[in-house]
Amino acid sequence: MPEDDPLTRYGPPLASVIFAVVLSVLVAAMLAGQIDGDYQTRALVYAGFVMWTLFGAVVVFVLAHRGEAARLSIRRVLLWTASVWLWPVFLLLRRRKDN
């Protein structure tokens, strides 16, 4: 594949973030299931967690896709999963670095 092909450049980070989102949706379901309350409360908590991780996936991908050259691995997927949940930390660090 040519070096300027976007799939070549974005393949590993894109695959990692997709797997991280899938794993995060499962984690969100487990966490929301542990909440006391009725179905509507758990569903709202689950929806909030999913929206949080989806937004986090976009933020983390935009911040990190250029520097991500490693091959896809379980370790990488777990690192991306943690990053998707902790995205505000990385956004703050990026803003502090830019100032």
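A polar contact is a pair of N or O atoms within 3.5 Å; within protein, one must be able to donate a hydrogen and the other to accept it, and residues adjacent in sequence count only if both atoms are side-chain atoms. The model is predicted, so local features need pLDDT of at least 70 and side-chain atom pairs pLDDT 80 or more, whereas totals for chains, interfaces and linings use all residues. Residues are numbered from 1 along each chain as its sequence is written, and side-chain values use heavy atoms, without hydrogens and water.

View A. A polar atom of the S16 side chain lies 2.9 Å from the backbone oxygen of P12. S16 is found in helix α1; helices are DSSP runs (H or I, at least four residues) numbered from the N terminus. With a relative accessible area of 1%, S16 is buried (buried is under 20%, exposed over 50%, partly exposed in between; 1.4 Å probe, protein chains only). Apart from neighbours within four places in sequence, S16 is in contact (heavy atoms within 4.5 Å) with L72, R76, V77 and W80.

View B. Y10, L14, I18, V22 and L26 make a nonpolar patch of about 440 Å². Patches take residues with over 30% relative accessible area and no salt bridge, joining like charges within 9 Å and nonpolar side chains (Val, Leu, Ile, Met, Phe, Trp, Tyr) within 5 Å. Areas come from the Shrake-Rupley method with a 1.4 Å probe; for residues, only the protein chains shown count as cover. Y10 lies in helix α1 (residues 6-33) and is partly exposed at 31%.

**View C. Salt bridge of R94 and D98.** The side chains of R94 and D98 form a salt bridge at 3.5 Å, N to O (a side-chain nitrogen of Lys or Arg within 4 Å of a carboxyl oxygen of Asp or Glu). A search of the whole structure finds one such bridge. R94 and D98 are four residues apart in helix α4 (residues 87-98), which means a separation of about one helical turn. R94 is partly exposed, at 35%, and D98 is exposed, at 54%.

**View D. Aromatic pair of F55 and W87.** Rings of Phe, Tyr and Trp (its six-membered ring) pair if their centres lie within 6.5 Å; planes under 30 degrees apart are stacked, over 60 edge-to-face and the rest tilted. The count comes to four aromatic pairs. F55 and W87 are edge-to-face, 4.9 Å centre to centre with 70° between the planes. Because F55 lies in helix α2 (residues 39-64) and W87 in helix α4, the pair ties together parts 32 residues apart in sequence.

Definitions and conventions:
Helix = DSSP H or I, 4+ residues; strand = E, 2+ residues; numbered from the N terminus.
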